[in-house]
Every structure is written in C-alpha cells, then in structure tokens.
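Please keep the model open while reading.

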Number of protein chains: 2
Amino acid sequence: MASVRKTDKRIEDEALVETPDLEEFIGYNLKRAYVIVQSDFRRTLGEDGFAPRVFSALSLVVQYPNVTSSGLARMLGIERSGLVAIVDELEGRGLLKRTNVPGDRRVQALVPTTKGKTAYAEARAAVRAHEDKLLSNLSDDEKATLMSLLGKIRATEA
Amino acid sequence: MASVRKTDKRIEDEALVETPDLEEFIGYNLKRAYVIVQSDFRRTLGEDGFAPRVFSALSLVVQYPNVTSSGLARMLGIERSGLVAIVDELEGRGLLKRTNVPGDRRVQALVPTTKGKTAYAEARAAVRAHEDKLLSNLSDDEKATLMSLLGKIRATEA
DNA sequence: ATAAACTGTTTACTAGATTAACAATATGAG
DNA sequence: CTCATATTGTTAATCTAGTAAACAGTTTAT
C-alpha cells in the first residue's frame, strides 16, 4: 500500500514535469522571430530611418492617398490616438499633408507629398534589401509558405 | 522632345508608385500575427494569469531548475536587468526561489517550488488550449511547417 | 430636434525593454 | 600572490509602443 502510494506520486511528478518545452509554442517562436526581424529592420534603416510602424503608415498613405486617420488606424490595427504621433512625424518630415475633406469637416485626408512618395520608394528598397539579406536562408517558396501561414493566423482576427 | 520628356516623367512616376504594398513584407505580417496571438494569450489567461514573458521564464525555470538569472536572461534573449522584475514576480507568487550556489557567491540559482511546478503545468494546459483554439484553422502539418520556418528565422540570429 | 455616433486629439497611464552604473565576487596573466 | 578584467544580480533613468478615457466639433439617424 505504501509502495503503491509512492509509485503513484512518482507518476504524478513525472506528469507534472512532462517536457516543459517552451519551444513547442507558436506564440513564443513567433515573438522570437519577430524580435529578430524587427531589430534587423531598425539596424538596417539606421538611426534616422523610419521605425517599422512609421514605414507601415507611410506605405499605406502612398497606397491609399486621401485615407483618413481613422481609416489608417483601422488598417494598421491600432487606436486612433496612437496614430497621431506617427502622422505628426510624417507631416513634420514633409512626407504627407493633413488636408480638409469637403463635405465632412470632422475628417482629414492624409495625402503623400512628392517627397513622401520618393522617400517611401527609397525606404521600400531598403526594407526589401533588409529582408532579402536577413532571410537569405529561406527559399522563395519557403517565404511564400510563411506568408500564407501568417495570413491564416491574421485571418483569425475578429 | 517635350513630349519625350513628358513620357519619361510619366514612367518615373509610375515606377515611384509601383505596388506599394505593405502586405509583401514578412516583417509586417509577422508583427500582425504576433499581436493577434499575444493578445489572445492574455485574453485567455486572464487578468491574474501569467503575462507571456512570465510564463516563458517559469517554463524555463521548470525545465532547467537551478538555472541562473544570467543564464535565463540569455535563453530568453533579454537583458539581465529586465529579468529582475520577472523573477521578482515569480518569487513573490511563491513559484520559485532564489537560492545560493556553493562555490560562486555571485550567482543565484533559480529553483521552482512545488507550487511553481503545479502552476506551470496548469498554465501550460491553458496556453495549449489557447493556441489550439486560436489556430484551429491551421492543420498540424501547417503548424509544424510554421514552426520550422520560424525556426529558420531564429537561426539567423547572431 | 435631439440622441447617438464618429473624428481627430490630448492626457495619463501601462508594459516591455534598454543602457549605464554599482558593489560584490571570481578568474586569469604575469 | 596580486592586480586587472570579467561576471553577477541589481537599481535607476530612460525609451518606445501602445492603450484607455475624455473632449469638442461635427455628422447621422430616429
């Protein structure tokens, strides 16, 4: 009876420990990979280069000229309030303009300047170079697969 | 001649705009996916549950009992200073102990308590449930592929 | 007409992280 | 052995990215 209890306890302990391997979690791997890519992005674009989120915002403003702040925040998945500083920076650098929209005096359309479009084209090239170099151990097929799988995760969003 | 210049300029403009699609970048997709997984993690584990980084730290302490703070920080890829608050929290909750190491009075070995091991086993189940549910639109094969591709990115790290 | 909703913004706050400095301790070269 | 160098855990200051709540101005819908 005592030996049975002991056996039971040993089994419980083993079950408790059962391969506590962090590496099995997708979230953990996602974060580690994200940190690597993000920090290489910053390193490559340099001190005065765009931060990732600023690059993203500029990209969308170039792609969707006249997008509103609300719309842009929605596209980026952040709060309107959080976007203000980003747009301030881009406007301060002369890369976009906040313009009035006739017919709705609440909203401001964000319009890229010529300088903004040029700066974006350059930055895009730099970002492509950064990803190409950093991810050179992934084949094009692998990159496409990764994009598709990340897309599946993104598709889960409410 | 003037018309030739005009044509050239039009071509330049088009080249400038050339599909400025944020979605083509792996970094952007990685971040968006990471945000979704991370926020579902928090939502699932709840107000009083572990934050992702605390869960990760506890996992490694359970897997590597007697790991030092420095070693743990290295494994997590963060600074030693940043780990202090995490270990404080885990020790405050009674889930691990900072213990002296005979032979080196600088270091403290981090040892999980029984309570810590139990709490980790429960949390691990919750995290697995969160990932299983959130990522239910990915097959096991797809999850394995994703892990392997994220592993390739992680392998690029210095 | 008036309640409800939306827009851009400010302010205050939080989380997660880094850097620089520090005292205590250990290690290695001469 | 000694002394320069390195390591450990920690604090303090700082930074970035983000949220939440409130607000005035404006629009929409009942």
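Is the crossing of H2(B) and H6(B) left-handed or right-handed? The crossing is right-handed; a crossing is left-handed if the near helix is turned anticlockwise from the far one by less than a right angle, and right-handed if clockwise. This is a predicted model: local features need pLDDT of at least 70, side-chain atom pairs count only at pLDDT 80 or more, and totals for chains, interfaces and linings use all residues. Residues are numbered from 1 along each chain as its sequence is written, chains are lettered from A and ligands numbered from 1 in the order written, and side-chain values use heavy atoms, without hydrogens and water.

**Helix packing in chain B**

- The axes of helix H2 (residues 26-45) and helix H6 (residues 114-134) of chain B come within 10 Å and cross at roughly 130°.
- Helices (H or I, at least four residues) and strands (E, at least two) are DSSP runs, numbered from the N terminus.
- Axes are lines fitted to C-alpha atoms, for helices over the stretch in contact, and angles run from 0 to 180 degrees between N-to-C directions.
- H2(B) and H6(B) are therefore oblique to each other (under 35 degrees is roughly parallel, over 145 roughly antiparallel, 65 to 115 roughly perpendicular, the rest oblique).
- Contact (heavy atoms within 4.5 Å) involves residues of H2(B) including Ile36(B), Phe41(B) and Leu45(B), and residues of H6(B) including Val127(B) and Leu134(B).

**Salt bridges between chains**

- The whole structure holds 17 salt bridges over all chains (a side-chain nitrogen of Lys or Arg within 4 Å of a carboxyl oxygen of Asp or Glu).
- Glu23(A) and Arg154(B) pair at 2.6 Å, N to O.
- Glu23(A) sits in the loop between helices H1 (2-17) and H2 (26-45) of chain A, and Arg154(B) in helix H7 (residues 140-154) of chain B, so the pair joins two chains.
- Arg154(B) is buried at 18% relative accessibility, while Glu23(A) is partly exposed at 36% (buried is under 20% relative accessible area, exposed over 50%, partly exposed in between; 1.4 Å probe, protein chains only).
- Lys152(B) and Glu142(A) form a salt bridge at 3.0 Å, N to O.
- Lys152(B) lies in helix H7 of chain B and Glu142(A) in helix H7 (residues 140-154) of chain A, so this pair also joins two chains.

**Salt bridges within chain A**

- Asp88(A) bridges to Arg98(A), with the closest N and O atoms 2.8 Å apart.
- Asp88(A) is in helix H5 (residues 80-92) and Arg98(A) in strand S2 (residues 96-100), ten residues apart.
- Asp88(A) is partly exposed at 39%, and Arg98(A) is partly exposed at 26%.
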